[in-house]
Amino acid sequence: MVLKRKPMLLKNLAVYGTNGFKGGMQFVIQKEGDVMAAYTFPAPFAFDYTAPKYKTRQEFAWDDEGYDAAIEWINNQYEERLSEWELAEKAGISGAVTHI
């Protein structure tokens, strides 16, 4: 499991978003318009420096159920694409091809 639900006010999530990393997979949850957008992308570069084609995005409702669904989606992305994340982690900064 990559991400466990932590108590978070949606207004804080709207302002700050949240992000994290596990074993070559990085994730971001942020407000985009009226929806919650969750992204997964390979290490090692930050979200803003990773080319869009390497980011996987999913939209969720902007409510507590949407937040729970985003967490579940991120955890599923990790399990379903584990070999991809492991390759990204092994490649490291010198072998990465995901930057813009």
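User: Which residue in β4 is the bridge partner of Met 36?

Analyst: Phe 60 is the bridge partner of Met 36 in β4. This is a predicted model, where local features need pLDDT of at least 70, side-chain atom pairs count only at pLDDT 80 or more, and totals for chains, interfaces and linings use all residues. Residues are numbered from 1 along each chain as its sequence is written, and side-chain values use heavy atoms, with hydrogens and water left out.

User: What makes β3 and β4 a pair, and how many bridges join them?

Analyst: Two strands pair if DSSP finds at least two bridges between them. Strand β3 (residues 35-42) and β4 are joined by 6 bridges, so they count as a pair, and they run antiparallel.

User: How do you know that β2 pairs with β3, and how many bridges are there?

Analyst: There are 8 bridges between β2 and β3, in the antiparallel sense. Met 25 stands opposite Pro 42 in β3. The hairpin of β2 and β3 has 2 residues between the strands, and Gly 33 takes a positive phi near 65° there.

User: How many bridges link β1 to β2?

Analyst: β1 and strand β2 (residues 25-32) share 5 bridges in the antiparallel sense. Gly 20 has Phe 27 as its bridge partner in β2. In the hairpin of β1 and β2, also with 2 residues between the strands, Gly 23 has a positive phi near 45°.

User: In what order do the strands stand in the sheet?

Analyst: The open sheet of 4 strands has the order β1-β2-β3-β4, with antiparallel pairing. β1 (18-22) and β4 (56-61) are called edge strands, as each pairs on one side only.

User: How many helices and strands does the protein have?

Analyst: The protein has 3 helices and 4 strands. Both are DSSP runs numbered from the N terminus: helices are H or I with at least four residues, strands are E with at least two. From the N terminus on, the elements run α-β-β-β-β-α-α.

User: How many residues apart are Ser 83 and Gly 24 in sequence?

Analyst: They are 59 residues apart in sequence and 9.5 Å apart in space, C-alpha to C-alpha.

User: What share of the protein counts as buried?

Analyst: Of its 100 residues, 40% count as buried.

Note on methods:
Buried < 20%, exposed > 50% of the residue type's maximum accessible area, 1.4 Å probe, protein only.
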